Amino acid sequence: MRHVSRRAMLAGAALTAGLGRPAIAQAAPLKVGMMLPFSGTYAALGENIAAGFELLIAENGGKLGGRTVTLIRLDDESDPSKAPANVNRLTERDSVDVLLGTVHSGVVMALVQAAREKEIPLFIPNAGNVAATRDLCSPHVFRSSFSNWQPAYGMGRALAARGVKKAAWVTWDYAAGKESGEGFRDGLRDGGAEMTHLLTVPFPETNFQPVLAQIGGLGVEAVGSFFAGGGAIQFVKDYAASGLRDKIPLCGSGFLTEGVLKPQGAAAEGIQTALHYGDGLDNPKNTGFRMAFKAKTSRDADVYAVQGYDAGQMLAAGLTATKGDAAAAKALAQAIRAARIDSPRGAFTLSASHNPIQTIWLREAREGQNKVIGIAAKDLADPGTGCKMAGA
Amino acid sequence: MIVASRPGQFMLGGAGLAIASMPLWASAWHMQLASTAMVAALFALSLQVLVGATGLVSLAQAGFFGLGAYTVHLLGSPPVWITLPAAVLAAGVGALLIGPLALRTKGFFFLMTTLAFGQMLFFAFHDTPLGGGTDGLFIVRPPLGFPVPRAARPAVFLLVNLGVLAIVYTGLCWLMGTMLGHALQGIRSNENRMAALGHNVQRLKLIAFVLAGALAGLAGHMSALTDAFVSPELLGWHRSAEALLMILLGGIGALHGPILGAFALTAVQEGGTLLTGRPRLVEGVVFLAAVLFLRQGLAGWRLRARKGVPTSIGDRR
Amino acid sequence: MLRLGIRTLLASFIAQLLNGVQYGLLLFLISSGLTLIFGVMGVINLAHGSLFMIGAYLAFAVASMTGSFWLALPAALLGGALFGAVLERVLFRRFRTRAHLDQVLLTFALILLFEEARSALVGNQFHSVPIPAVLDFSVPVVGDFGYSAYRLAVLGICLLVAAGMVWLIERTRIGSAIRAAAENTEMLDLLGFDAGRVHTLVFAGGTALAMLAGALAAPLQSVYPGMGDGFLILSFIVVVIGGLGSVAGAFWAALLVGLIDTLGKAYLPQAAGIAVCGLMAAVLLWRPTGLFGRP
């Protein structure tokens, strides 16, 4: 594995300008463009995804399918308005063979667009917009993480199984919030319960007082929510401070308490969430992965590191089958779909629309950890509605 | 407002030819970069109609840019001969509605009123279903009337953007020489005198505001066509401030200033990403340096000795 | 059942009102400095929102190092005054007589530089500042419905600051200088004041207030990059509605904007952003110099 600085790449790009993509140059290094947030709110997520991916490459001796891997990092700043230009940087200037990215669900659409148009394989290590594996699905797009629908569906099922009949969903008024709300609704419905209210706050507002003041009067038995980062910290703290916590339990999609338990402090204690990963998952793969990740980065692994690592595993499975040819789209997709990914979260396979069919764990926040306490939904697949895989 | 001298026009023409020949020698990436710079130039040029020519500093310009861009999406991408006039019309009508209200104020209050109206447009696309979400969305490019293979796309859009920029610049050069152009510049130098001379200052300002808005809509349309992507960020006031910087960087006193400024800023941003990984830091330093030291902009290097070139505008309280 | 419904609705509405007032008073702290800086010096400071953010980060740093949030408040005030004085002496002084466009660009550059400095110094993580333990309880408002004691304390502190400002501006010698300067800069010389010193004082005071607001808001909304952005636009709207240079105007306008923004978000979330901007447009059309501005 080699890291290439932007300056060196510039020189390289100038030399190869106009030559186009070389035919099949197995000997040449495989260029992977990592478009992730390395600055701004999601920087920590981007770093862990990159570290997880790099760990997998390093475990394979720096090679995938026989080709040396060259990683090109590009900070997408989680800014959708810069996304088209940033994707072009990787595809046109750096002529990458494979795309990896990203966290922000608006930015990822630019990557999906490029993957579809330019037929470059894309691995999505986080962003959960359902469209990427539903109506915009593509033989070139693979997701190693989740669809927004999945964790919330699990949470809805778990609540219904516990006997809750009516619940509300609180979230930001943006795509990820609404899609997770649909998952929650479907999960409750399939368990015989009902989502009676959907409350939204303008994105990325963190003044939650207006919406909190309404919750007491809704007549629901539980409140589910999807927030991430600073919004999640603030919402959980405000929810506890408003005195609602003892009357109407708060739960949510796993991101509500993911990576933010420390600042949330006592306010998060006991909150149940659903996600495809959690603390205390007892399988040998997970134990080994966590140790290796800690040794490499001296940080604790989290769900983002797992998603980066598994994106690497998926790419490895594909490239092994095509002997390092990333442009052999059909063979690559077939191999990845056939592969059983031995993930730290528990083994999974991809659905026909290239989203993981995975177990959603039920977790509870205890003493700064999201402890797995059971299964919310076993081997759950996103419905993949509207996916027409052309040419696969 | 200085319109470039004859040698200056030749140099601009030469630069245009150099860009037009890029498909022969440049990479797809560099052509896309040049396209981005030309869209930015078009946007800054639209604002120059207000700032440099008339002396009005507006922060609503990005709102009209976004109106133009979103028109393409809202119409569902019919052919370009429909989307282009529609985008210009939508932004022009927007400016016609906002202009009479905003122009009731002056100076600082005008700046703030345009900021508020610009943000209203931003929220209209950010918070309501009209804009299709805070993340923005990919749109189908309106057909150009002839098939464009994917590989030829950077070259085609480069030439289309260059053509539009050349037409708009030439048109504005002509406009500055007309009675209307002179009247607008008269307002910038001394509004009261123009009113005393019997000019309907309010109406002239409104004409400038609507023209600037319509041209910003055109720039927004070209951006949507080039990137096939629209997002509410296109309407944010940060974009308006960036256009102001392009004008300042290029030269307030010159009509071609914004074009120089747009290319300079694009180069600075690209260089910043390439070399330091902290583009915003580089941008901030350039902003600061420009406002502290580059009082007449890039276009002003050769103009310093001339008399009557304004170094700054905007009426003080 | 029905009575219970009405009571919860009423409790919720009272909570919204309190939230609106508390949000508005925080806005007042930010915009009073902004309006004075413009009124006295004629400088547009778009970086005022960044000062708010810096105040919040400072509060986080002080609170996590010393373990006491109460030390963070004087730290923000003093640090803000010092920082403001330096900014005025080094940069803003030169821009007093420059065009608005130059001021807009200078302060836009400062926004970018402050953000980058923050990112380099303390990183991009979200931080949480705990509510001080003595105030970490709920005050019953209607029936068993409670309201956070810390929020009430913020409300009280803001009101105290507002009263202090009125006293300072209306009753003291330096206040009369500030009023004179807002009227006409030459007046200062006639009254025997050093105009430069008054400017430094006003800028330092405005910065201190913005940073105090940031520190007060830190336990309420966490500390994160770009946290001042939303406040910046709103506080400019407050300044314009209230009238440039008018502290009383800023006070009433801040309450109005705080209430409309909060109630709007609660009952009509899609229109809240537009409503505040629309309010400002309406005020300007009715009174082009703001509610308390001199015509």
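Biologist: This is a predicted model. What makes α4(B) and α11(B) roughly perpendicular to each other?
Modeller: Helix α4 (residues 61-74) of chain B packs on helix α11 (residues 237-250) of chain B at an angle of about 110 degrees. Angles from 65 to 115 count as roughly perpendicular, so the pair gets that label.

Biologist: How far apart are their axes, and which way does α4(B) pass α11(B)?
Modeller: The axes are 7 Å apart, and the crossing is right-handed.

Biologist: Which residues make the contact?
Modeller: From α4(B) you have B:Gln61, B:Ala62 and B:Phe65, and from α11(B) B:Trp237, B:Arg239, B:Ser240 and B:Ala243. They divide into four nonpolar, two polar and one charged.

Biologist: Over to chain C. How do you know that the span of α5 (residues 149-171) is close to the expected one?
Modeller: With 23 residues, α5(C) has an expected span of 33 Å at 1.5 Å a residue, and its C-alphas reach 32 Å from first to last.

Biologist: What makes a residue of that helix count as buried, and which ones are?
Modeller: The cut-off is 20 or more other C-beta atoms within 10 Å of its own. In α5(C), C:Tyr150, C:Arg151, C:Val154, C:Cys158 and C:Met165 are buried.

Biologist: And how many residues of chain B are in contact with chain A?
Modeller: On the chain B side there are 20, facing 25 residues of chain A. The largest share of the chain B side, four residues, comes from α3(B). That side divides into seven nonpolar, eight polar and five charged.

Technical notes: Residues numbered from 1 in each chain as written. Chains lettered and ligands numbered in written order. Predicted model: local features only at pLDDT ≥ 70, side-chain atom pairs only at ≥ 80, totals over all residues. Contact = placed C-beta atoms within 7 Å. Helix = DSSP H or I, 4+ residues; strand = E, 2+ residues; numbered from the N terminus. Nonpolar A, V, L, I, M, F, W, Y, C, P; charged D, E, K, R; others polar. Axes fitted to C-alpha atoms, helices over the stretch in contact; angles between N-to-C directions. Parallel < 35°, antiparallel > 145°, perpendicular 65-115°, else oblique. Left-handed = near helix turned anticlockwise from the far one by under 90°. Expected span 1.5 Å × (residues − 1). Buried ≥ 20, exposed ≤ 12 C-beta atoms within 10 Å, placed from the backbone.
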